Amino acid sequence: MLKSKFRVGLSAALILWVPTAGMEAAMVAHEGFSSPVTVNNILLASGHSPVALTRTQVEGGALLAGNYDVFVIGRNTTYWGASAAYVQGVADYISAGGNIVTEYASAGMFFSSYVRPVVISTTLTQQLRLFGGGFHAGYFHQGSTPIDLLDPAHPVTAGLPDPFAEFNGTDYFFWFDTADPNLTILGTFIGNGANGFPRGASLPCLAAGCFGVSRFVFGTWNWNDTLGLSNGRNRAFFLKAVNFAAEGCNLLPLCNAGGPYVAECQGNFAAVALDATGSSDPEGGALTFSWTSDCPGAAFDDPASPAPVLTVDASLGCSTSCSVTLAVSDGRDTVTGSASVTIQDTMPPAVSCAASPTGAKNQVAVSFSASDLCSAAQVSAVIDLGCEQVPVADGQALDLCADFICRLIAVDTGALIEERRDGTLVVTATDACGNTSTCSVLIPKPAPEDCIVMVEEPGMPFIRGDANGNQRVGVGDVFHILRFVHHHGPGPACRDAADVNDDGALDGLDAMALIHCLFLGDRQIPLPFPQAGRDPTPDDLTCDQYPSHPNKERKEKPKKEKVRKEKVKKEKKKCKKR
């Protein structure tokens with residue numbers, strides 16, 4: 001900004017002044033007025049420091065050299081068309097933050113288009129094209145032309161009569177049409193249809209706005225020749241416009257509330273670290289911050305900090321949506337922004353589990369627990385045996401050989417009947433928001449011998465086909481079966497052994513099966529054969545005694561015994577083992 005309280009003017013003399021109440025003194029340059037002295041007197045009387053420039057000085061860059069707060073442009077130069085050097089001098093001044101007040105046709109150089117004038121009596125001036133809109137040139141005069149004030153409270157128009165107009169002099173009007181958001185239309189007038197002006201239309205003739213940090217006031221009627229009038233209407237407007245422009249425009253601060261913010265429930269509360277350090281002042285000034293929030297139970301550790309911590313009540317559910325609002329001020333303007341805040345519970349419960357020996361042999365006790373910061377946790381536990389899951393309770397003792405399937409071993413044969421299964425304790429915990437966690441631990445596996453259970457299989461071992469119970473299978477067994485079946489001889493003590501074909505009945509078919517096996521070799525004797533064993537196909541036949549009589553050792557006749565054994569072997573070879 002060019003503005004300062006103490007300026008060095010063109011005379012190189014230090015100029016001090018005391019501003020009037022409510023107004024800050026300014027260095028004001030002006031050019032293009034028919035009576036520069038009148039302008040100087042008005043400004044001096046109001047506490048300002050005026051400097052009258054010539055067109056040549058403006059073209060030579062005097063605006064920047066003098067470091068002026070406001071440049072007021074009269075109509076005498078621009079009405080006949082400003083030179084390229086003049087327009088460039090004004091452009092350089094605006095780029096440095098200078099402020100502009102214009103009269104009559106002067107405003108035309110700042111619009112994007114200069115519409116063909118109603119009365120062709122002007123030269124189309126070169127344009128800076130700072131604001132969008134068309135500028136209509138011409139003249140329009142009507143006695144006591146009213147200017148209707150659209151915003152009587154605005155600093156430029158406050159206290160002026162409404163409608164505002166001088167009753168003396170000649171009011172020549174230009175007007176503009178614009179939708180530029182940087183401009184505010186403060187006054188309009190009504191055309192009477194003369195010289196092509198629209199009749200009855202509200203034609204804008206007074207506006208104020210900003211381009212960057214430069215402030216503009218456009219008064220597009222001829223107030224040059226009435227500044228010295230005693231009623232002072234245009235004079236009052238002139239001073240208000242200068243005072244308003246001298247303040248310059250403030251570039252709004254950038255408000256960046258950060259976010260969106262997502263925080264995890266931490267019990268009955270949640271802490272959210274806010275960050276507005278992305279906010280800034282385009283002019284490099286210091287900023288102040290003010291935070292508010294509609295979150296439940298919201299509290300800031302320092303609401304004036306750019307990065308405070310917000311504490312929110314998180315006991316209302318699994319997800320809470322709310323917002324924070326930030327107001328950023330550079331001392332002149334305040335800009336607000338907001339950001340969303342979401343408080344959620346996505347953390348699963350903490351769960352633990354263990355299986356520990358109780359001190360008793362092959363016995364463990366299972367234990368488990370779960371906890372959650374934000375809600376109660378439901379816990380369930382099972383022993384996973386692979387093929388099934390068995391529910392268990394916290395603290396329940398388990399017998400590894402009774403509650404699990406272990407080895408079942410036959411007492412006499414040592415055969416494995418069934419193998420034990422490993423077990424795993426699996427604990428599942430779920431909180432009120434559906435978050436789930438698990439814990440598992442392998443149940444300690446006992447040594448196999450610790451879980452051996454000796455069982456007695458049903459029945460008695462025997463050799464199938466040994467009907468006479470002499471522990472050999474031969475022709476004598478055939479006769480023993482036939483005597484029982486046809487001549488009602490003594491029944492076999494082990495009837496299961498006489499059931500040669502294993503059909504669950506004693507009859508001639510058993511004798512025939514044995515003959516085929518011994519002499520023809522075309523039959524098989526079902527198990528147990530040729531070694532003794534239990535019947536793998538239980539039936540109603542019993543085996544009360546086997547062998548039926550003990551073997552007699554004949555040591556005195558070893559040769560005959562040897563022959564007998566060889567004969568038995570040959571007979572057995574004729575039968576096939578299944």
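1. The expected span of a helix is 1.5 Å times one less than its number of residues. The model here is a predicted one. In it, α5 has 12 residues and covers 16 Å from its first C-alpha to its last, close to the expected 16 Å. After α5 comes Gly97, with a positive phi near 100°.

2. Which residues of α5 are buried? They are Tyr86, Val87, Gly89, Val90, Ala91, Tyr93 and Ile94. As background, residues three or four places apart in an α-helix point the same way, because there are 3.6 residues a turn.

3. The largest nonpolar core has 37 residues, and those touching the most other members are Leu63, Phe71, Val90, Ile100, Phe110 and Leu128. Several elements each supply at least two residues of this core, among them α3 (62-66), β5 (70-73), α5 (84-95) and β13 (214-219). The largest share, 6 residues, comes from α5.

4. Leu63 shows how parts of the chain meet. Leaving aside residues up to four places away in sequence, Leu63 touches Ala29, Leu53, Val58, Tyr68, Phe71, Gly89, Val90 and Tyr93. Apart from the core described above, there is a second, separate core of 35 residues, which includes Val72, Phe238, Leu239 and Ala241.

5. How many aromatic pairs does the structure hold? There are 18. One of them joins Phe71 and Tyr93 edge-to-face, at 6.3 Å centre to centre and with 80° between the planes. This pair links distant parts of the chain, since Phe71 lies in strand β5 and Tyr93 in helix α5, 22 residues apart. Phe71 and Tyr93 are both buried.

6. A further pair is formed by Phe131 and Phe211. Their ring centres are 6.3 Å apart and their planes stand at 75°, so the pair is edge-to-face; the cut-off for that class is over 60 degrees. Phe131 in strand β8 and Phe211 in strand β12 (residues 199-211) are 80 residues apart, and their pair links distant parts of the chain.

7. Are Phe131 and Phe211 buried, partly exposed or exposed? Phe131 counts as buried because its relative accessibility is 1%, and the limit for buried is under 20%. Phe211 is partly exposed, with a relative accessible area of 36%. Phe131 and Phe211 also belong to a cluster linked by ring pairs, whose members include Tyr104, Phe110, Phe174 and Phe218.

8. β17 pairs with β18 (residues 309-313) over 2 bridges. Within β18, Leu310 is the bridge partner of Phe300.

9. Where is Asp294 placed? Asp294 sits in the loop between β16 (288-293) and β17. Asp294 counts as exposed because its relative accessible area is 53%, and the limit for exposed is over 50%.

10. Asp294 touches Cys322 and Ser323, not counting residues up to four places away in sequence. Asp294 and Ser323 are 29 residues apart in sequence but 5.9 Å apart in space, C-alpha to C-alpha. The side chain of Asp294 reaches the backbone nitrogen of Ser323 at 2.7 Å.

How values were computed:
Residues are numbered from 1 along each chain as its sequence is written. This is a predicted model: local features need pLDDT of at least 70, side-chain atom pairs count only at pLDDT 80 or more; totals for chains, interfaces and linings use all residues. Side-chain values use heavy atoms; hydrogens and water are left out. A nonpolar core is a set of buried Ala, Val, Leu, Ile, Met, Phe, Trp, Tyr and Cys residues joined through side-chain atoms within 4.5 Å. Buried means under 20% relative accessible area, exposed over 50%, partly exposed in between (1.4 Å probe, protein chains only). Helices (H or I, at least four residues) and strands (E, at least two) are DSSP runs, numbered from the N terminus. Contact means heavy atoms within 4.5 Å. Two strands pair if DSSP finds at least two bridges between them. A polar contact is a pair of N or O atoms within 3.5 Å; within protein, one must be able to donate a hydrogen and the other to accept it, and residues adjacent in sequence count only if both atoms are side-chain atoms. Rings of Phe, Tyr and Trp (its six-membered ring) pair if their centres lie within 6.5 Å; planes under 30 degrees apart count as stacked, over 60 as edge-to-face and the rest as tilted.
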